[in-house]
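Thanks for coming. I have one model to go through today, so let me put it on the screen.

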Amino acid sequence: MLNTMNTGLASYFLALSELEGISFASLMFWTLQDGKWMQKALRLASQGAKLGEVPVGAILVHDQQIIGQGFNQPIGCHDATAHAEIVALREACQRLQNYRLPLQTTLYVTLEPCTMCIGALIHARVDRLVYAASEPRAGMVGSQMDLSMQPFYNHNIQVHRGLCSEHSSQLLKTFFRERRRLAKQNKNSV
Ligand SMILES: [Zn+2]
């Protein structure tokens, strides 16, 4: 594949992949824009982790502009529905003053959506969903079930999975490891 690529472009890809931790092989499938938006979603996820929330970040993009973004924040907001995807959707709908999003809107999220979130994305008419890590326990876009392409919905979402999945999994693993360590520490100090 490299033989057919412009050498300058290939070294640019390599430089970017080294910089951002995206594997060179995965850049062959994803666009640079996809990589850029997912990196932003990962930064949002880290922001949530600093506040003690499970690190998940989401960004809604239309015409290469962010129209909504958010991180998982059910604890801080006292709101079971405050998943990253819902926070981003609410922001976009408020900004656009429309409960449906424009055609060709993409949601980038660092973890496979749950039942509630894929439902909300269908209601909002999101065109494309790109997620990083799979959620084997409760993921509803391939892991437990795939609700993105069911014939009984009047809208289907194009799904691409796996972009920056390693980075996202690492964030989650580090978060839960730290949480277990703190819980143990607190238990021992009682
Ligand atoms: Zn969710």
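Cys114 lies in the loop between E3 and H6; helices here are DSSP runs of H or I with at least four residues, strands are runs of E with at least two, and both are numbered from the N terminus. Before going on, this is a predicted model: local features need pLDDT of at least 70, side-chain atom pairs count only at pLDDT 80 or more, and totals for chains, interfaces and linings use all residues. Residues are numbered from 1 along each chain as its sequence is written.

Back to Cys114. With 20 C-beta neighbours inside 10 Å, Cys114 counts as buried. The cut-offs are these: buried takes 20 or more other C-beta atoms within 10 Å of the residue's own, exposed takes 12 or fewer, partly exposed is in between, and the C-beta atoms are placed from the backbone. Leaving out residues up to four places away in sequence, Cys114 touches His83, Ala138 and Met140. Contact here means that the two C-beta atoms, placed from the backbone, lie within 7 Å.

Cys117 sits in helix H6. Cys117 is buried as well, with 26 C-beta neighbours inside 10 Å. Beyond its neighbours within four places in sequence, Cys117 is in contact with His83, Glu85 and Ile86.

Which residues does the UniProt annotation "binding site" cover? According to the unreviewed entry, they are His83, Cys114 and Cys117. They span 35 residues in sequence, yet no two of their C-alpha atoms are more than 9.2 Å apart, so they gather at one spot. A caution on the record: UniProt positions are given in the numbering used here, feature names are shortened, and annotations may be inferred rather than shown by experiment.

The unreviewed UniProt entry also places the feature "active site" at Glu85. Glu85 belongs to helix H5. Is Glu85 buried or exposed? It has 29 C-beta neighbours inside 10 Å and counts as buried. Setting aside neighbours within four places in sequence, the contacts of Glu85 are Ala58, Leu107, Val109, Pro113, Cys117, Ala120 and Leu121.

Now the core. A nonpolar core is a set of buried Ala, Val, Leu, Ile, Met, Phe, Trp, Tyr and Cys residues joined through C-beta atoms within 7 Å. The largest one has 44 residues, and those touching the most other members are Met38, Ala41, Ala88, Leu107, Tyr108, Val109 and Leu121. Two or more residues each come from H3, strand E1 (57-62), helix H5 (84-96), strand E3 (106-111), helix H6 (115-123), strand E4 (128-133) and H7. H3 gives the largest share of this core, seven residues.

Next, a helix pair. Helix H3 (residues 32-50) packs with helix H7 (residues 165-189) at an angle of about 5 degrees, and their axes are 11 Å apart. That makes H3 roughly parallel to H7. Axes are lines fitted to C-alpha atoms, for helices over the stretch in contact, and angles run from 0 to 180 degrees between N-to-C directions. Angles under 35 degrees count as roughly parallel, over 145 as roughly antiparallel, 65 to 115 as roughly perpendicular, and the rest as oblique. On the H3 side, Leu42, Ala45, Ser46 and Ala49 make the contact, and on the H7 side His167, Ser168, Leu171 and Phe175 do.

Most residues other than glycine have a negative phi. Asp63, in the loop between E1 and strand E2 (65-71), has a phi near 55 degrees, a positive value. Asp63 is exposed, with 8 other C-beta atoms within 10 Å. Gln104, in the loop between H5 and E3, has a positive phi near 65 degrees. Gln104 also counts as exposed, with 11 C-beta neighbours inside 10 Å.

One more loop residue is His155, between E4 and strand E5 (158-161). His155 counts as partly exposed, with 13 C-beta neighbours inside 10 Å. His155 and Ile122 are 33 residues apart in sequence and 6.1 Å apart in space, C-alpha to C-alpha.

Last, the overall picture. The protein has seven helices and five strands, and from the N terminus on they run α-α-α-β-β-α-α-β-α-β-β-α. Of its 190 residues, 36% are buried.
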